[in-house]
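Reader: I would like a close look at one part of this protein. Please keep the answer brisk and connected.

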Amino acid sequence: NFEEMFLCRVLLGAAEAGIIPASILFVYTWFPENRRATAAGIKSPIALVGTMSTPLLVALMTEHFGWRTAFVIPGVVGLFVAAGWWLLDKNPPGYGTPKKAVAARVSAFGLLRQRKIWPLLAARILSDPFWFFLLYWHAPFLRENLGVSLGELGRWVWILPLGGALANLGAGLFSDRLLARGLPLFKARILPLLIAAGIAPLAWLIPNTDSIKVAVLALAVLYVMCNAWTLLTNLFIADIVGRENVATGVAVLSAMGGATSAAFNLIAGWLVTHAGYTPLFIAGSLLHPLAAIVLWRAYYRQRESTAAL
């Protein structure tokens, strides 16, 4: 029934919350400093295989074995993945680099008291609401404003996660390439974010076009921007807080951005009803540039010896 399904969905959401912090910790542990962004970016195209194949596989399982099987089989596969991760995540390589001093392990509240991460938290608090708005409202927008049918929606929106996956890979490669060329670590993480933020004004075009192709293309480019921001800011906070606090730092960053995103989406429906989508797209287009200014002032323009790192 509905209550049981709701409870299962809540449990799934709680379980999913650990995936991103754990994956960033994994990357931070198993890859050298100048390969971490690339390694983190590679997992997005791999995950895209699951995203794009799941509808077909679920439909086949439901058709031949019943809809409950479509829940059970992926759940069992997940257990095997977890077991495999647990067994294989042993004795990471040192790459011949000297071990750095181990940072003190602190709680989430302890990290929040560290001023060096405040600008990064502020940047995600500013930028995440627009990302979550795009995630949850792009389909209603296409259907209501452009008259896209459900069937047409399925034929078009797969482009968005594809763009996001390629963005993660590209952003990771670019950041590591900057690092390899001698740019300081914090600048190698921030510079791609500053460039990506320049894409944000493209959002103004979306509510003012009658073409589904133009709207989907613009949305895909914005997905590129938002995915690059999520990837590189997660890596950046890991670089700031050190290996002992990587997962906690990523979790705090995601939670702070998620809280403002939840609040933003609570009012989005009311705004759409009374003012339409245009004000939301225009306001959202300003958030990543504002967040980029925060990062530029706090980290990028500072000399390496005086930066927050």
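How many salt bridges does a search of the whole structure find?

Author: The search of the whole structure finds five salt bridges. A salt bridge here is a side-chain nitrogen of Lys or Arg within 4 Å of a carboxyl oxygen of Asp or Glu. This is a predicted model, where local features need pLDDT of at least 70, side-chain atom pairs count only at pLDDT 80 or more, and totals for chains, interfaces and linings use all residues. Residues are numbered from 1 along each chain as its sequence is written, and side-chain values use heavy atoms, with hydrogens and water left out.

Take Asp-239 and Arg-36. They form a salt bridge, and their closest N and O atoms are 3.9 Å apart. The pair links distant parts of the chain, 203 residues apart. Asp-239 sits in helix α10, and Arg-36 in helix α3 (residues 36-65). Helices are DSSP runs (H or I, at least four residues), numbered from the N terminus.

Now follow helix α10 (residues 212-241) to helix α6 (residues 118-146). Their axes come within 10 Å and cross at roughly 155°. Therefore α6 is roughly antiparallel to α10. That term covers angles over 145 degrees. Axes are lines fitted to C-alpha atoms, for helices over the stretch in contact, and angles run from 0 to 180 degrees between N-to-C directions. By class, the contact of α6 with α10 has 20 nonpolar, six polar and one charged residues. Nonpolar means Ala, Val, Leu, Ile, Met, Phe, Trp, Tyr, Cys and Pro; charged means Asp, Glu, Lys and Arg; the others, Gly among them, are polar.

Definitions and conventions:
Helices (H or I, at least four residues) and strands (E, at least two) are DSSP runs, numbered from the N terminus. Angles under 35 degrees count as roughly parallel, over 145 as roughly antiparallel, 65 to 115 as roughly perpendicular and the rest as oblique.
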